[in-house]
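My notes follow in the order in which I checked each point.

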Amino acid sequence: MICCHGFGGDASIANSVRKGFPYHLVAFNFPTHGNLVSTLPPEKFTFGTPEELRPLLLQMRHCAVDAKAEKLHLYGFSAGGGAIVNALALLNSGRFSEEIKAWGISESDRKEILHALQRGSVVLDCPLKSI
């Protein structure tokens, strides 16, 4: 299960999610995370951009393609839930396909990720996408 933290959070969200989940947990930081939300000027935030989704998509690729996970589960808290929805839209729409390819995610990788997601589950906990 890949854990996506909320706005102002960080990868430590996995410590909270760990209780009650029978899956291996993977956590990461979005580009704008933790204390950065208090110190960065708002125009520097990646919130709501394709660049925000890059670490999530790369984690999905690592799990589904490199590690060959048959199922991919996603947990998103608050803005992390919004990022999951946006990532699913990117994977299914073909928008920003050149950027995704530049990040090292091929068309066959995209299909493998989607296949693993279809077998897995998505948990959106208090999803939020605007600040």
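Before reading any helix packing, I noted that axes are lines fitted to C-alpha atoms, for helices over the stretch in contact, and that angles run from 0 to 180 degrees between N-to-C directions. Helices here are DSSP runs of H or I with at least four residues, numbered from the N terminus.

The model is predicted, so I kept in mind that local features need pLDDT of at least 70 and that side-chain atom pairs count only at pLDDT 80 or more, while totals for chains, interfaces and linings use all residues. Residues are numbered from 1 along each chain as its sequence is written, and side-chain values use heavy atoms, with hydrogens and water left out.

I looked up confidence next, pLDDT being the predictor's confidence in each residue, from 0 to 100. The protein chain averages 91, and 98% of the residues score at least 70. Helix H2 (residues 36-39) has the lowest confidence, at a mean of 83, and helix H6 (residues 107-119) the highest, at 97.

I then turned to H3 and H6, whose axes lie 9 Å apart and pack at an angle of about 80°. They are therefore roughly perpendicular to each other, a label for angles of 65 to 115 degrees. The contact (heavy atoms within 4.5 Å) joins Leu57, Met60, Arg61, Ala64 and Val65 of H3 to Asp109, Glu112, Ile113, Ala116 and Leu117 of H6. I classed Ala, Val, Leu, Ile, Met, Phe, Trp, Tyr, Cys and Pro as nonpolar, Asp, Glu, Lys and Arg as charged, and the others, Gly among them, as polar. On that scheme the residues of this contact divide into seven nonpolar, no polar and three charged.

For helix H3 (residues 50-66) and helix H4 (residues 79-93), I found axes that come within 10 Å and cross at roughly 70°. That makes H3 roughly perpendicular to H4. Glu52, Leu53, Leu56, Leu57 and Met60 of H3 meet Ala83, Ile84, Asn86, Ala87, Leu90 and Leu91 of H4, and these residues divide into nine nonpolar, one polar and one charged.

Finally, I asked which residues line the largest pocket. They are Met1, Tyr23, His24, Val26, Cys63, Ala69, Lys71, Leu72 and His73, of which six are nonpolar, two polar and one charged. A pocket is, on a 1 Å grid over the protein atoms alone, an open set of points with protein on both sides within 12 Å along at least five of seven lines, and lining residues have an atom within 4 Å of a point.

Key. Helices (H or I, at least four residues) and strands (E, at least two) are DSSP runs, numbered from the N terminus. Angles under 35 degrees count as roughly parallel, over 145 as roughly antiparallel, 65 to 115 as roughly perpendicular and the rest as oblique. On a 1 Å grid over the protein atoms alone, a cavity is a set of points where a 1.4 Å probe fits but cannot get out, and a pocket is an open set with protein on both sides within 12 Å along at least five of seven lines; lining residues have an atom within 4 Å of a point.
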